[in-house]
Amino acid sequence: MDELSYLPAVERALAHRSGLDEPVSISPQLLLGDMKSPQRSQRIAYLVAEGDILRSAPDNPWGRDIGITPAPVTRLAKSIAADSTIKGVIVRVESPGGDAIASDEILQALKELSRKKPVVVSMSDVAASGGYYISMTGDPVVPTPTRSPGRSA
């Protein structure tokens, strides 16, 4: 069942389904392992692809990346593939699409990565056109559930 709820309600529902009386929260550092700890030999990379897919990034006075471009994705994918402490990758895609050639270059970089590490693609509310295309690595894809129009809760 799909449902829109506030975080406390979701936590209570998950606790109930897990057979717990109350929700139990853990920090991301505990979940993923402190970066300074010996646990570092078992990490999962989280790669976020958010925004329009572009051939190259425009000048940005705010100093932040705008969109998804092939060069940084390829660099990150190669870096993750070469890192022996990273055992798998979650790719989060939130993109309405964009340039077809850039989308193909990004898909090829992600396919190359998936030949070296397990990859799971998580599609957000918006993963259309090129955003959908770059998600098709041949690995598991987990879309964000949505409610069909006219469907009751």
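Reply: Nonpolar side chains are joined into a patch within 5 Å, provided that each residue has over 30% relative accessible area and no salt bridge. In this predicted model, Ile44, Tyr46, Val48, Ile90, Val120 and Val142 form such a patch on the surface, with about 510 Å² of accessible area together. Strand S1 (residues 43-50) supplies the largest share, three residues.

Me: Why is Ile90 called partly exposed?

Reply: Ile90, placed in strand S2 (residues 86-95), has a relative accessible area of 34%; partly exposed covers the values between under 20% for buried and over 50% for exposed, so Ile90 is partly exposed.

Me: What makes Arg43 and Asp83 a salt bridge?

Reply: Their closest N and O atoms are 2.9 Å apart, and the cut-off is within 4 Å, so the pair counts as a salt bridge. This pair links distant parts of the chain, with Arg43 in strand S1 and Asp83 in the loop between helix H3 (70-82) and S2, 40 residues apart.

Me: How do you know whether Arg43 is buried or exposed?

Reply: Arg43 has a relative accessible area of 13%, and buried means under 20%, so Arg43 is buried, whereas Asp83, at 23%, is partly exposed.

Note on methods: Residues are numbered from 1 along each chain as its sequence is written. This is a predicted model: local features need pLDDT of at least 70, side-chain atom pairs count only at pLDDT 80 or more; totals for chains, interfaces and linings use all residues. Side-chain values use heavy atoms; hydrogens and water are left out. Patches are made of residues with over 30% relative accessible area and no salt bridge: like charges are joined within 9 Å, nonpolar side chains (Val, Leu, Ile, Met, Phe, Trp, Tyr) within 5 Å. Accessible areas come from the Shrake-Rupley method with a 1.4 Å probe; for residues, only the protein chains shown count as cover. A salt bridge is a side-chain nitrogen of Lys or Arg within 4 Å of a carboxyl oxygen of Asp or Glu. Helices (H or I, at least four residues) and strands (E, at least two) are DSSP runs, numbered from the N terminus. Buried means under 20% relative accessible area, exposed over 50%, partly exposed in between (1.4 Å probe, protein chains only).
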